[in-house]
Amino acid sequence: MGSCFLVLVVLLFSSSVNACDRCLHRSKAAYFSSASALSSGACSYGSMATVFFAGHIAAAVPSIYKDGAGCGACFQVRCTNPSLCSTKGTTVMVTDLNRSNQTDLLLSSRAFRAMAKPVLGADRDLLRQGIVDVQYQRVPCDYGNKKMMNVRVEESSKKPNYLAIKLLYQGGQTEVVAIDIAQVGSSHWSYMTRSHGAVWVTDKVPTGPLQFRFVVTAGFDGKMLWSPRVLPANWEAGKIYDAGVQITDIAQEGCDPCDDHIWS
């Protein structure tokens with residue numbers, strides 16, 4: 001009897017959770033009056049954050065922020081009041097950590113207004129609400145003409161002993177969970193560590209031009225993406241370099257219900 005009951009529970013549990021490209025989440029969202037408050041956030045994108053998605057950026061709760069792994073993740077968000085809100089909503093990029101326990105997301109005011117119906121005055125009426133019920137789902141990031149991921153060398157980098165980088169224009173719908181580095185042509189790899197937010201560092205910097213390996217979540221597993229030539233031997237702090245690769249993978253989630261389409 002006990003074993004039969006256990007099997008029944010397992011079957012019921014497994015049947016209620018699906019492998020989804022994207023899950024439908026329900027919560028509340030509020031907004032910052034200034035996008036600059038989000039640009040100085042925990043992901044350390046700085047002033048660049050307000051350029052991403054025309055300033056449609058957000059701070060996210062720890063379960064989304066993931067100790068910085070969620071930095072750069074994109075979400076389609078829509079409010080649920082049919083008299084004020086469009087069915088499409090807007091897309092935001094995570095640039096900060098939201099420490100509030102009242103909302104999953106804190107949006108820039110521009111992103112918050114973009115959830116409104118395209119009717120004169122609807123965006124102002126939505127702002128007056130302050131906090132609204134929303135639905136949101138993870139979606140791939142689309143940066144238009146930025147087809148390749150970029151690597152920015154941070155100002156704190158100092159040759160030959162310290163390198164700090166962050167990834168920009170990361171595509172796909174996944175997280176980078178590890179980065180390895182080696183001299184071009186070498187098989188002697190060393191690992192980088194996530195310092196904070198979107199910043200990865202190492203104090204074991206190979207000489208010469210540098211190659212990278214990125215480990216990303218893909219499906220329910222991990223996948224390695226190799227970038228054979230990223231930084232030249234004369235790399236400089238403060239500069240941005242083309243990684244020559246782009247992430248296109250989708251990390252599946254276990255959830256119910258699935259919502260495997262982009263809202264329009």
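Glutamate 154 counts as buried, because its relative accessibility is 10%; buried means under 20% relative accessible area, with a 1.4 Å probe and protein chains only. The model is predicted: local features need pLDDT of at least 70, side-chain atom pairs count only at pLDDT 80 or more, and totals for chains, interfaces and linings use all residues. Residues are numbered from 1 along each chain as its sequence is written, and side-chain values use heavy atoms, without hydrogens and water.

Glutamate 154 sits in the loop between strand 8 (150-153) and strand 9 (163-168). Strands are DSSP runs of E, at least two residues; helices are runs of H or I, at least four; both are numbered from the N terminus. The side chain of glutamate 154 makes a polar contact of 2.9 Å with the side chain of arginine 152. Such a contact is a pair of N or O atoms within 3.5 Å; within protein, one must be able to donate a hydrogen and the other to accept it, and residues adjacent in sequence count only if both atoms are side-chain atoms. Leaving out residues up to four places away in sequence, glutamate 154 touches Ala164, Ile165, Lys166, Val199, Ala237 and Gly238. Contact means heavy atoms within 4.5 Å.

Now the whole chain.

| Chain feature | Value |
|---|---|
| Helices and strands | five helices and 16 strands |
| Box of C-alpha atoms along the principal axes | roughly 60 × 60 × 30 Å |
| Buried share of the 264 residues | 48% |

Among contacts between residues at least 6 apart in sequence, 72% join residues at least 24 apart.

Note on methods:
Buried means under 20% relative accessible area, exposed over 50%, partly exposed in between (1.4 Å probe, protein chains only).
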